Amino acid sequence: MPLVRTDATPAKKAPGAAGTADGAESGGGESLRRVAVASFIGTAIEFYDFYIYGTAAALVLNQAFFPTLDPVNATLASFSTYAVAFAARPLGSLVFGHFGDRIGRKSVLVVSLLMMGLSTAFVGLLPGYGTLGIWAPLLLILLRFVQGIGLGGEWGGAALLAVEHAPRARRGLYAAFPQLGPSVGFFAATGVFWALSAGLDDAAFRSWGWRVPFLLSFLLVGVGLFVRLKISETPVFTKVLDAQEASRAPALDVFRRHPRELLLGTGGMIIAYGLFYTATTYCLSYATGSLGVSRNTMLGLSLVACLFLAAGTWLAATRSDAAGRRKLILAGTGLAVVWGLVLFPLLDTGQPVLIALGIGGALFCMGVVYGPMGAYLPELFGPTVRYSGASLAYNLGGVLGGAVAPLFATRLQSAFGSASVGWYVSAMAVVSLLCVLALPETRERELA
């Protein structure tokens, strides 16, 4: 979608020059288009890298790296390596947030892209248990840990890149672009796996086909670097540097000055992650393993459901400039409370249309929560600690909502049936609802 110039001043400012106090344009409409593209492409590539691991964990990693375990424990072991990256993400937030709040948003985004992309690509080159024995899963865990650190620094920088360049009245619109990255990354990851699954027999897919999506990351890293190296530092942080106001210890300042925003922002993110990883990673494993739905069918239905995620994200993010971030996030969490109870009855029918409706509805709820968060979390924190604060809230929410969701869902389903997983999703939604109720509206706040 083409972006239009939103300021009324015809003369362009020099790229990188400070704009207004609330983060007005730094280089005219063309500069804002470039920033939107850079923030979108970066998060799309990073989340593609992250999601191909989730798809592989649900479909093949249990047999490739944990063949000596029984099916349930092998699946749990596979999902546990998936959770390792979530545990690493807060560490990435601390490291990249520190330097992002000290030296700038742009520089650390280049490093996070390299770390994430290369660790992903090397998973595609890693021999399985049959070749390396116990070293295979250990190296897989190490690469997954590095991948998590890289992603821990990615989202905060990409969101700030968009929000701190945007005019105040359009921050939700420009924050929508990095927020669309997960939708596109998930669609691309699922699409590549679907094409490989449809074009290869099962033996070829499990032998080498699953590695292709990981190896494609080498190419995507090059594209991402080309785009990111062309953008300028945000005008808001340029003002911080010019005034020599950069924090010496941004993470400590977040805990000292913004503990409430950090805690409640983390809680608000729980349901977004919980919905996504329950509706995608876990439901893919559950439907193919317990319900007998074919792998190709589930991957195709996941592609359809991803369109619901993109629609919810774009709708809520762009509407948040007029309606307010908080109101839309509350609507999404409230809807998720109900949808958690609907999801598994729809899945358990085994009917493709109803499965697509169940997963698509869950991802739509997730998008309504997730879309406004691109502007909401950065607006909760001051400019000297914004990278650290927004990243920590986002990624700690990921640990509580995303890392444990497939693990809890697997255990709950095996012990109490699929309905218990739906109650678990609804409980996460209630937690997020209460946290956002305790936070203020932020769309009128100045960023500098």
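1. Basis. In this predicted model, local features need pLDDT of at least 70 and side-chain atom pairs count only at pLDDT 80 or more, while totals for chains, interfaces and linings use all residues. Residues are numbered from 1 along each chain as its sequence is written, and side-chain values use heavy atoms, with hydrogens and water left out.

2. Salt bridge count. The model has 13 salt bridges, a salt bridge being a side-chain nitrogen of Lys or Arg within 4 Å of a carboxyl oxygen of Asp or Glu. The next points take up some of them.

3. Arg105 and Glu164. These two side chains form a salt bridge, with 2.8 Å from N to O. Arg105 belongs to helix H4 (residues 105-123) and Glu164 to the loop between helix H6 (135-163) and helix H7 (171-199), so the pair ties together parts 59 residues apart in sequence. Helices (H or I, at least four residues) and strands (E, at least two) are DSSP runs, numbered from the N terminus. Arg105 is buried, at a relative accessible area of 0%, and Glu164 is buried at 0% too. Here buried means under 20% relative accessible area, exposed means over 50%, and partly exposed is in between (1.4 Å probe, protein chains only). The two residues also belong to a network of salt bridges that links Asp101, Arg105, Glu164 and Arg386.

4. Glu379 and Arg171. Glu379 forms a salt bridge with Arg171, and their closest N and O atoms are 2.8 Å apart. The bridge joins distant parts of the chain: Glu379 is in helix H16 (residues 352-379) and Arg171 in helix H7, 208 residues apart. Glu379 counts as buried at 3% relative accessibility, and Arg171 is buried at 0%.

5. Glu379 and Arg325. Glu379 also forms a salt bridge with Arg325, where the closest N and O atoms are 2.8 Å apart. This pair again links distant parts of the chain, with Glu379 in helix H16 and Arg325 in helix H15 (residues 325-348), 54 residues apart.

6. Surroundings of Arg325. Arg325 is buried, with a relative accessible area of 0%. Leaving aside residues up to four places away in sequence, Arg325 touches Arg171, Gly172, Ser320, Pro372, Ala375, Tyr376, Glu379, Glu441, Thr442 and Arg443; contact means heavy atoms within 4.5 Å. By contrast, Ala56 is 34 Å away from Arg325, C-alpha to C-alpha, and 269 residues apart from Arg325 in sequence.

7. Helix H14. This helix has 29 residues and spans 41 Å from its first C-alpha to its last, close to the 42 Å expected at 1.5 Å a residue. The expected span is 1.5 Å times one less than the number of residues.

8. The whole structure holds 2 cavities of 30 Å³ or more. On a 1 Å grid over the protein atoms alone, a cavity is a set of points where a 1.4 Å probe fits but cannot get out, and lining residues have an atom within 4 Å of a point. Points are joined across faces, edges and corners, and a volume is the space filled by probe spheres set on them. The largest cavity contains about 80 Å³ of space. It is lined by 12 residues, of which Thr55, Phe186, Thr280, Thr281 and Leu284 are the closest to its centre. Helix H1 (28-59), H7, helix H13 (259-289) and helix H14 (295-323) each supply at least two lining residues, and H13 has the largest share, 4 residues. By class the lining has 6 nonpolar, 6 polar and no charged residues. Ala, Val, Leu, Ile, Met, Phe, Trp, Tyr, Cys and Pro count as nonpolar, Asp, Glu, Lys and Arg as charged, and the others, Gly among them, as polar.

9. Second largest cavity. About 60 Å³ of space lies in this cavity. Residues lining it include Phe47, Tyr51, Pro182, Met269 and Tyr394. The elements that give two or more residues to this lining are H1, H13 and H16, and H13 gives the most, with 5 residues. The lining consists of 11 nonpolar, no polar and no charged residues.

10. Ser418. This residue lies in helix H19 (residues 418-437). Ser418 is buried, with a relative accessible area of 10%. Beyond residues up to four places away in sequence, Ser418 touches Tyr286, Phe344, Asp348 and Gln413.

Technical notes: On a 1 Å grid over the protein atoms alone, a cavity is a set of points where a 1.4 Å probe fits but cannot get out, and a pocket is an open set with protein on both sides within 12 Å along at least five of seven lines; lining residues have an atom within 4 Å of a point.
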